[in-house]
Amino acid sequence: RFGAIKSPCIILAVGPLSCSSNAPDDDGMTANSLSYTKTMLRSCYRSSMVLAKHSDLQALALTLSTPKDEHPAYMETIRVGLQTLVEEAPFTNLRDLHLMARSPYEAFRIV
């Protein structure tokens, strides 16, 4: 068990950075860097779901990997995250999948 979390397993899903030479929160994201980011983001979520399946987890809580709220790709990263989780969840043993937001603004966007 992991301390106060009281969980037999922790999966740390780390989201991708943009392949752009600009900072991840820069407004200059190109179509190519957005495509790359979406592909890598899907891969991160799929890897988490594979680990959940192999660990025979029945419940999983995840935060969505998103840039800052004002980033041009913010809503797209939420959409990609939700879509990937919905597509991958049936291939696991999960009974509960909980999404956690970083802020009230993000919680509103998720719903």
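A salt bridge, as I use the term here, is a side-chain nitrogen of Lys or Arg within 4 Å of a carboxyl oxygen of Asp or Glu. Bear in mind that this is a predicted model.

With that definition, the structure holds 4 salt bridges. I will go through some of them, starting with a connected group.

K38, E76 and R79 are linked in a network of salt bridges. Take the E76 and K38 pair: the closest N and O atoms are 3.1 Å apart. This pair links distant parts of the chain, with E76 in helix 2, residues 74-88, and K38 in helix 1, residues 31-54. The two residues are 38 apart.

E76 also forms a salt bridge with R79, and there the closest N and O atoms are 2.6 Å apart. How far apart are E76 and R79 in helix 2? They are 3 residues apart, so about one helical turn separates them.

Now to another pair. The side chains of E88 and R46 meet in a salt bridge, 2.9 Å from N to O. E88 lies in helix 2 and R46 in helix 1, so this pair ties together parts that are 42 residues apart in sequence.

Is E88 buried or exposed? E88 has a relative accessible area of 17%, and it counts as buried because the cut-off is under 20%.

To recap, E76 pairs with K38 and with R79, while E88 pairs with R46.

How values were computed. Residues numbered from 1 in each chain as written. Predicted model: local features only at pLDDT ≥ 70, side-chain atom pairs only at ≥ 80, totals over all residues. Heavy atoms only, no water. Helix = DSSP H or I, 4+ residues; strand = E, 2+ residues; numbered from the N terminus. Buried < 20%, exposed > 50% of the residue type's maximum accessible area, 1.4 Å probe, protein only.
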